Amino acid sequence: MRALKFLLQKELRQIFRDPSIFFILFIMPMIQLMVLPLAADYEIKNINLGVVNHDHSGYSRKLINKIVSSGYFRLKDYSSTFSQALRGIELDKTDLVLEIPAQFERKLVKENESTILVAANAINGVKAGLGSAYIQGIIGDFNQDVRMQWIQAPRFNPQPTIDVEYSDWYNPDMNYRDFMVPGILVMLVTMIGSSFASNNIVREKEMGTIEQINVSPIKKTQFILGKLIPFWMLALAVLTVGLFIARIFYGIVPLGHYLTIYVFASIYLLAILGLGLLMSTYAQTQQQSMLVSFFVTMVFNLLSGLYTPIESMPQWAQIITRLNPVSYFIEVMRMVVLKGSGLADIKYQILALLGFAVFFNGWAIVNYKKRS
Amino acid sequence: MIGEKVISAEKLTKRFGDFTAVDHITFDVVKGEIFGFLGANGAGKTTAMRMLCGLSLPTLGSAMVAGFDVYRQNELIKKNIGYMSQKFSLYEDLTIRENIRFYAGIYGLTDDKIKEKSNLLINRLNLAGQEKSLVRSLPLGWRQKLAFLIAIVHDPAIVFLDEPTGGVDPITRREFWELIYDASSKGITVFVTTHYMDEAEYCHRVSIMVDGRIDALDSPANLMKEYASSSMDGVFLQLARKALRMSD
């Protein structure tokens, strides 16, 4: 095991002699964590609204006022015909058109019912769906207001109504950042770890130094460990910087213990780095390994539940996410940060990741051949 | 030459698919000898050398290196040999001293021994004062000399050198050969491939490979006599021209 000491010493020297290390350790986490969470916000605001008001009554104006003052919509266009308003959608000026028919108020008062039309640009399905839902909510509210004003409340309401009261657990303010930042941090650690690991052995192949290692009595396990441990330390350092930024800039303090995060991250990194090293043992050039690791991390990230809930993925995709180490870490990160889960709550994930770690590293050691 | 055999190959063969890179070569190398391994590009020198070093598994035949079998005891062979490949193989982003320390360390030298060897080596190359500069900044000739001394830092029984002086100027080549003689006089067997025929004449014995076979093996003087040539150049040309295989 003495050889391992020299391997580690050499690897660490090389890592810290590389001028880009400062960028990777500090600048990359800062940029990712300070910019991405602001952009990756799923709450839809600033929906551009076009209005066609054929009614010009007090009620129709009240309704429009109520919609605009909700904060989700911006009144962008006032057209006199529906086709004109549709033109606004075509030109991308508006996302949603609200048409209030003539005699809206009159019908409402006389016949106790009235209709309005909402047309949405569904190119961005999420925006269209959420926009329509918001407007529905606001109109429902408006409905209630009208009823209160016009219909004398009877002593008891003949129509039973069920009101839903919401109580948002674990993220009571429904703050998107609290949800995204831990996930983005996982992505960051994963990217840095896997690209370092996947490039490294290939670099030695390209430089020709691997030959010198292969002709020495170094054991394969020592060699792989000599690569694994330094990157493991490096990635944990990035995680530390990231957690620090999350705390300073977003005030995110995990409800659970930092220790829980580190224990899990340590095991997780063994798996991810093992995968990187495995790719490295197959690739012949740095270009190959970079492309492959880029592809793998991309698939892993998209199928990790970072952006889209795993529960709403098709069955086959859900199975893939179970084979994806990243999804476990994102899950655990959110559990620990938002729910305050402890080691006992994540034992299943820990076991799964231990499995991945043994599998990938074992495969890397087997596939790394000192003799061809 | 009579002495203890440190390398003995018997019908050693390596095939890559249909292609026979090394074709039943048989030879012995004795302790302390400087053995030149000549051949045109593509003749199979590097492949043969890689088999002897335990980097490549032979297809056929047998070989013992430093008393160990190349099939089963390749990791034991590695403890007892030094190797300097065609490609430059020191870490360019480490300093001279760090490179020495690393290679000495992975061969299991103690800290005291590493220190002693490092100082010896740096003085031998007149690099005192520069030991903290990166290997990247050294001129090629210096790097090759350094790589050689690092390849024998653990006092191996045999050192394998694959075209160690390619691209090096004549003065530095001469200095390099002084280092080789030094090593040989300490009992280290030197197995060297080269394309420089003047260097071939420095060897105790040379073998000439043509199309994966060893077509000639003797001392340079005997070979020149046998092929009625005044230089190794002439011997080499007569043999290498018979090659059917394309050189690269």
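Visitor: How many salt bridges does the rule count over all chains?
Guide: This is a predicted model, and the count rests on a side-chain nitrogen of Lys or Arg lying within 4 Å of a carboxyl oxygen of Asp or Glu. One pair that meets this rule is A:K227 with A:E11, at 2.9 Å from N to O. Taken over all chains, the count of salt bridges comes to 27.

Visitor: How many residues apart are A:K227 and A:E11, the two partners of that salt bridge?
Guide: The side chains of A:K227 and A:E11 meet in a salt bridge. A:K227 belongs to helix α9 (residues 220-250) of chain A and A:E11 to helix α1 of chain A, and the pair thus links distant parts of the chain, with a separation of 216 residues.

Visitor: How many salt bridges does the rule find across the interface of chain A and chain B?
Guide: One bridge between the two chains joins the side chains of A:K5 and B:D111, with N and O 3.9 Å apart, a distance that falls within the 4 Å cut-off. Across the interface of chain A and chain B the rule also finds 15 residue pairs in polar contact, both residues being at pLDDT 80 or more. For salt bridges across this interface, the number found is seven.

Visitor: Which element gives the largest share of the side of chain A that touches chain B?
Guide: Three elements of chain A, namely α1 (2-17), α7 (176-207) and α8 (209-214), each supply at least two residues of the side that touches chain B. By class, this side has eight nonpolar, eight polar and twelve charged residues. The largest share, ten residues, comes from α1(A).

Visitor: Which three residues supply 25% of the area that chain A buries against chain B?
Guide: The interface brings 28 residues of chain A into contact with 38 residues of chain B. Chain A and chain B bury about 2900 Å² between them, with 51% of it on carbon and sulfur atoms. Of the area that chain A buries against chain B, 25% is supplied by three residues, more than any other three, and these are A:Q212, A:V215 and A:R371.

Visitor: What distance separates the centres of domain 1 and domain 2 of chain A?
Guide: Chain A is divided into domain 1, which takes in 2-40 + 173-367, and domain 2, which takes in 47-150. Taken over C-alpha atoms, the separation of the two centres is 48 Å.

Visitor: How much area do domain 1 and domain 2 of chain B bury between them?
Guide: In chain B, domain 1 covers 1-80 + 156-248 and domain 2 covers 85-155, and their centres, taken over C-alpha atoms, are separated by 25 Å. Contact between them involves 22 residues of domain 1 of chain B and 15 residues of domain 2 of chain B. The area that these two domains bury between them, 66% of it on carbon and sulfur atoms, is about 1500 Å².

Visitor: Which element gives the largest share of the side of domain 1 of chain B that touches domain 2 of chain B?
Guide: The rule finds two salt bridges across the interface of these domains of chain B, and the count of residue pairs in polar contact there, both at pLDDT 80 or more, is three. On the side of domain 1 that touches domain 2, the elements giving two or more residues are α2 (74-79), β7 (158-162) and α6 (170-185) of chain B. The largest share of that side, eight residues, comes from α6(B).

Visitor: Why does the aromatic pair of B:F35 and B:F191 tie together parts that are apart in sequence, and how many residues apart are they?
Guide: The rings of B:F35 and B:F191 form a stacked pair, 5.5 Å centre to centre with 20° between the planes, and the angle is under the 30 degrees that counts as stacked. B:F35 lies in strand β3 (residues 34-39) of chain B and B:F191 in strand β8 (residues 189-193) of chain B, so the parts that the pair ties together are apart in sequence by 156 residues.

Terms used. Residues are numbered from 1 along each chain as its sequence is written. Chains are lettered from A and ligands numbered from 1 in the order in which they are written. This is a predicted model: local features need pLDDT of at least 70, side-chain atom pairs count only at pLDDT 80 or more; totals for chains, interfaces and linings use all residues. Side-chain values use heavy atoms; hydrogens and water are left out. Contact means heavy atoms within 4.5 Å. Buried area is the accessible area (1.4 Å probe) that two parts lose on being put together, summed over both. A polar contact is a pair of N or O atoms within 3.5 Å; within protein, one must be able to donate a hydrogen and the other to accept it, and residues adjacent in sequence count only if both atoms are side-chain atoms. Helices (H or I, at least four residues) and strands (E, at least two) are DSSP runs, numbered from the N terminus. Ala, Val, Leu, Ile, Met, Phe, Trp, Tyr, Cys and Pro count as nonpolar, Asp, Glu, Lys and Arg as charged, and the others, Gly among them, as polar. Domain bounds come from an automatic or database domain assignment. Rings of Phe, Tyr and Trp (its six-membered ring) pair if their centres lie within 6.5 Å; planes under 30 degrees apart count as stacked, over 60 as edge-to-face and the rest as tilted.
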